[in-house]
Amino acid sequence: MSILPAIRLASVVKRFGDLTAVDHLDLEVPRGSCFGLLGPNGAGKSTTMRMLTGQAEADEGIVEVLGHRLPGASRHARAVSGVVPQVDNLDDELTVEENLAVTARLQRIPRERRQEAIARGLRIARLSERAEAATRSLSGGMRRRLLIARGLVHAPELVLLDEPTVGLDPQVRQQLWSTIAEIQAEGATVLMSTHYIEEAERLCDEVAVMHLGRVVAQGPPATLIASHVGREVLEVDGAPPTLARVEHEARSAGLRTRRSGTSVAVLDAEQLDGQAWAQGERRKPTLEDVFVVLTGEELA
Ligand SMILES: Nc1ncnc2c1ncn2[C@@H]1O[C@H](COP(=O)(O)OP(=O)(O)OP(=O)(O)O)[C@@H](O)[C@H]1O
Ligand SMILES: [Mg+2]
């Protein structure tokens, strides 16, 4: 017997005029997993997320959320999902607490449990002290925290987080990571997009790398690393001419390279044996190397 996935997208297409933002996308997110969507700007991550909440409608293909087929069942899908959008849509006219209260009501949390749900939201946002503050008075990071807490206030079965930790300071980012891990431990499914590859590597059981509206690779981070970028990376620092020479030599030896700022990373470095140009630091490959190899783009 197969367990129904939390999310199923089959051959989904979304066009904006001449642009195909999502191009025959196939994706299944297992129940209870933390699943990461990685991809450069414009890859189609947010568009995909918006189709899962009924904010955007697919032109072709099948979109199912917890067994509900969209767009017909989008109200149902929204009731079981918590959404943290990439673009802030908090209500500036309300207080912090009121923003949570509106969602609690919309999500039909019974009246007698609303206060408790709001208090939980305030704790997640670490804004209990600011409950009465005007939302417009919050700092950028506080708004982000409130936006996240608002998506979690009704303890949804499926949590959709679009770039949740952009603009958060490192400490709050780590707190959010533990919140996400807790939500998952409680049995929820988490789908998140992120540009922080470390975040995906730490939190996600599985990731999909998106490029030009399609999934170009999918699997557990360790499996993707092992199958796309070999076992070792040589990192060479230096001035541009040195880096150019290293790139030339490495490529002549059939090895892949990636340039980032003031260094060149030579992939598959386990194949090297003491060449004079190959001086630098050895490190383990990361999911970021996979991302660059597959999409040809560096991260911001
Ligand atoms: N409402 C819209 N109208 C027209 N084009 C759109 C619309 N929404 C998205 N697009 C286009 O669709 C493509 C995919 O956009 P999307 O926002 O899904 O990318 P993304 O992967 O989330 O990128 P980012 O990492 O920058 O958030 C882009 O080329 C974008 O300009
Ligand atoms: Mg986006």
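R108 lies in the loop between α3 and α4. In this predicted model, phi of R108 is near 55°, a positive value in a residue other than glycine. Most residues other than glycine have a negative phi. Is R108 buried or exposed? R108 has 10 other C-beta atoms within 10 Å. The cut-off for exposed is 12 or fewer, so R108 is exposed.

A79 and R108 are 29 residues apart in sequence, yet their C-alpha atoms are 8.5 Å apart in space. A79 sits in helix α2, which covers residues 74-80. A79 has 16 other C-beta atoms within 10 Å, so A79 is partly exposed.

With 15 other C-beta atoms within 10 Å, L212 is partly exposed.

Now take the peptide bond from L70 to P71. It is cis, with omega near 5°. Most peptide bonds are trans. P71 is found in the loop between β5 (68-70) and α2.

**Helix against helix**

Two packed helices are described by the angle between their axes and the distance between the axes. The table gives both values for two pairs.

| Helix pair | Axes come within | Crossing angle |
|---|---|---|
| α3 (residues 96-106) and α4 (residues 111-125) | 9 Å | roughly 130° |
| α4 and α5 (residues 140-152) | 8 Å | roughly 145° |

Start with α3 and α4. How do they lie to each other? Their axes cross at roughly 130°. Angles from 65 to 115 degrees count as roughly perpendicular and those over 145 as roughly antiparallel. α3 and α4 are therefore oblique to each other. The crossing of α3 past α4 is right-handed. On the α3 side, the contact is made by E97, L100, A101 and A104. On the α4 side, R114, A117, I118, G121 and L122 take part. By type, the residues of this contact of α3 with α4 are six nonpolar, one polar and two charged.

Next come α4 and α5. Their crossing is right-handed. Which residues of α4 meet α5? They are G121, I124 and A125. From α5, they meet R145, L146, I148, A149, R150 and L152. The contact of α4 with α5 divides into six nonpolar residues, one polar and two charged.

**Around ligand 1**

Which residues surround ligand 1? They are F16, L19, A21, G39, N41, G42, A43, G44, K45, S46, T47 and Q86. Two elements give two or more residues to this shell: β2 (19-29) and α1 (45-52). α1 gives the most, with three residues. By type, the shell around ligand 1 has four nonpolar residues, seven polar and one charged.

**The whole chain**

How many helices and strands does the protein chain have? It has 10 helices and 14 strands. Along the principal axes, its C-alpha atoms fill a box of roughly 70 × 45 × 40 Å. The protein chain has 300 residues, and buried residues make up 41% of them. Contacts in the chain can also be sorted by separation in sequence. Of those between residues at least 6 apart in sequence, 69% join residues at least 24 apart.

Conventions:
Residues numbered from 1 in each chain as written. Chains lettered and ligands numbered in written order. Predicted model: local features only at pLDDT ≥ 70, side-chain atom pairs only at ≥ 80, totals over all residues. Near = placed C-beta within 6 Å. Helix = DSSP H or I, 4+ residues; strand = E, 2+ residues; numbered from the N terminus. Nonpolar A, V, L, I, M, F, W, Y, C, P; charged D, E, K, R; others polar. Axes fitted to C-alpha atoms, helices over the stretch in contact; angles between N-to-C directions. Parallel < 35°, antiparallel > 145°, perpendicular 65-115°, else oblique. Left-handed = near helix turned anticlockwise from the far one by under 90°. Contact = placed C-beta atoms within 7 Å. Buried ≥ 20, exposed ≤ 12 C-beta atoms within 10 Å, placed from the backbone.
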